[in-house]
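This briefing is meant for a reader meeting the structure for the first time. Please keep the sequence and the model in view while reading the points below.

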Amino acid sequence: MTTELTHYIGGEHVKGTSGRFADVFNPATGEVQAKVPLASVSELDHAVEVAAAAQPKWAATNPQRRARVLMAFVGLLNRDMDKLAEALSREHGKTLPDAKGDVQRGLEVVEYCIGAPELLKGEFTDGAGPGIDMYSMRQALGVTAGITPFNFPAMIPMWMFAPAIACGNAFILKPSERDPSVPLMLAELLEEAGLPKGILQVVNGDKEAVDAILDNETIQSVGFVGSTPIAEYIYGRGCSNGKRVQCFGGAKNHMIIMPDADMDQAADALVGAGYGAAGERCMAISVAVPVGDETADRLIEKLVPRIEKLRVGPYTSGDDVDYGPVVTAAAKKNIEGLVQSGIDQGADLVVDGRDFSLQGYEEGFFVGPHLFDNVTPEMDIYKQEIFGPVLSTVRAGSYEEALKLAMDHEMGNGTAIFTRDGDAARDFAARVNVGMIGINVPIPVPLAYHTFGGWKKSAFGDLNQHGPDAFKFYTRTKTVTSRWPSGIKDGGEFNFKAMD
């Protein structure tokens, strides 16, 4: 039975009126399980009007009371963790432990935002001049918006709307139409926690809704996570319309393996970082760079049996499954096309997952694990973000050659080095032109109280996500210079005062 999903506007589930819908699949079976409405410009504009009407009162609520709503929200997220994870896995395909991690990493940002009273404090200088004081205030922008991807339908929305709401803004969330149920559930939980109606609106849609967000004059800022071409488009159009914009695009994350690395540790890290969530992570390691042929041979020897033992299946098979299907048939086709291009362009396919099939789930969007060796920078599988369970090995002759590979790639989201040499690790962290660095850590996603963001064509905008940058992004600084007339406190004078 196919469910018809809704928007969430003014504290209510609202049916779509555009007449346009997108299919929401069960990736494990390939079946359509729901239809999600795709908003028109007028529907988006109506949601913005409702948000704009509710926002001033919310902004006037003191930060401590706003933080209490987020505190209650954390409790509700923990209460409904299993329910949220199951809904997420059903639409995305990731395993239940991975789905719970998705919710948990968003929850941690909400916990950080409970510190809004401290994070929103301004600055004060007394005696800046004769009788002059100066102080600054951080004030909400008004109505803000976020456009979020399918691969983290809980975490990334919370990365955006939690700090926006903590700062006193209203927020329009346009989630991915591929897995929209969890964002709708999060909106319900926030209002159960005490958030006023209209402060968080969920508007489902496609490019028409995106363009409506970018062109709506009331919306003051836009956040985005997705592919680089769309990030560039949203950044350009949003900025040209006078909005504050932060966009995070694609990635091609390298992991350098030095000859002195613990090869078992490195192999385990690569398998988890390369194949976890079917590779559908912007922080996935998709390129292994062993330094020296001997290091490469030892690494491949360790990787092959680990990869061949990976258990691929639906989330309903329990916690023993390592990863599930990719999100759509189109995603599967794209991955398979890139794998074939790697073969055609001369890479060695060491582990071949092309014939993978799961009994009873033949129509699902499952992709077997693949491992390439002797990949070169000219190949499509090296240049493009595959977003699937495919690991490419590029052999480097030296540390400098390995470093150059990471630095020359147009993406600069994350990277890692595995070594026992502290000097090499320090040099790598200091020199590499990538935003997030792991040292013997394969997926270097910063915790909530630091900021998340890449460099080069992985990010557009001046400020990163979550951490202190989020409170800067979702507020404007107002600076006040004050001077009061002197002498009033002394009372009136009755004598005629001679001129100085």
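Which residues in H3 meet which residues in H7? In this predicted model, Lys83, Leu84, Ala87, Leu88 and Glu91 of H3 are the ones that meet Ser181, Val182, Met185, Leu186 and Leu189 of H7. By class, this contact of H3 with H7 brings together seven nonpolar, one polar and two charged residues.

**Overall setting**

- The UniProt record, an unreviewed entry, places the feature "domain: Aldehyde dehydrogenase" at residues 14-480.

**The H3 and H7 pair**

- The axes of helix H3, which spans residues 81-92, and helix H7, which spans residues 181-192, come within 9 Å and cross at roughly 155 degrees.
- Because angles over 145 degrees count as roughly antiparallel, H3 and H7 are described as roughly antiparallel to each other.

- Ala209 has its place in helix H8, which covers residues 207-215, and Ala209 is buried, with a relative accessible area of 0%.
- When neighbours within four places in sequence are left aside, Ala209 is in contact with Ala39, Leu44 and Lys174.
- Pro27, by comparison, is 182 residues from Ala209 along the chain, and the C-alpha atoms of these two residues are separated by 25 Å.

**Salt bridges**

- Side chains of opposite charge can pair when their charged atoms come close, and a search of the whole structure finds 29 salt bridges.
- The side chains of Lys207 and Asp211 meet in a salt bridge with an N to O distance of 2.6 Å; being four residues apart in helix H8, Lys207 and Asp211 are separated by about one helical turn.
- Asp211 is buried, with a relative accessible area of 13%.
- Asp322 and Arg311 also meet through their side chains in a salt bridge, at 3.2 Å from N to O; both residues lie in the loop between helix H11 (293-308) and helix H12 (329-344), so the pair ties together parts that are 11 residues apart in sequence.
- Asp322, at 30% relative accessibility, counts as partly exposed, and Arg311 is likewise partly exposed, with a relative accessible area of 44%.
- Asp352 forms a salt bridge with Arg354, in which the closest N and O atoms are 2.7 Å apart; Asp352 is partly exposed at 40% relative accessibility, and Arg354 is partly exposed at 42%.
- Salt bridges that share partners also join Lys207, Asp211, Asp215 and Arg237 into one network.

Definitions and conventions: Residues are numbered from 1 along each chain as its sequence is written. This is a predicted model: local features need pLDDT of at least 70, side-chain atom pairs count only at pLDDT 80 or more; totals for chains, interfaces and linings use all residues. Side-chain values use heavy atoms; hydrogens and water are left out. Helices (H or I, at least four residues) and strands (E, at least two) are DSSP runs, numbered from the N terminus. Buried means under 20% relative accessible area, exposed over 50%, partly exposed in between (1.4 Å probe, protein chains only). Contact means heavy atoms within 4.5 Å. Axes are lines fitted to C-alpha atoms, for helices over the stretch in contact, and angles run from 0 to 180 degrees between N-to-C directions. Angles under 35 degrees count as roughly parallel, over 145 as roughly antiparallel, 65 to 115 as roughly perpendicular and the rest as oblique. Ala, Val, Leu, Ile, Met, Phe, Trp, Tyr, Cys and Pro count as nonpolar, Asp, Glu, Lys and Arg as charged, and the others, Gly among them, as polar. UniProt positions are given in the numbering used here, feature names are shortened, and annotations may be inferred rather than shown by experiment. A salt bridge is a side-chain nitrogen of Lys or Arg within 4 Å of a carboxyl oxygen of Asp or Glu.
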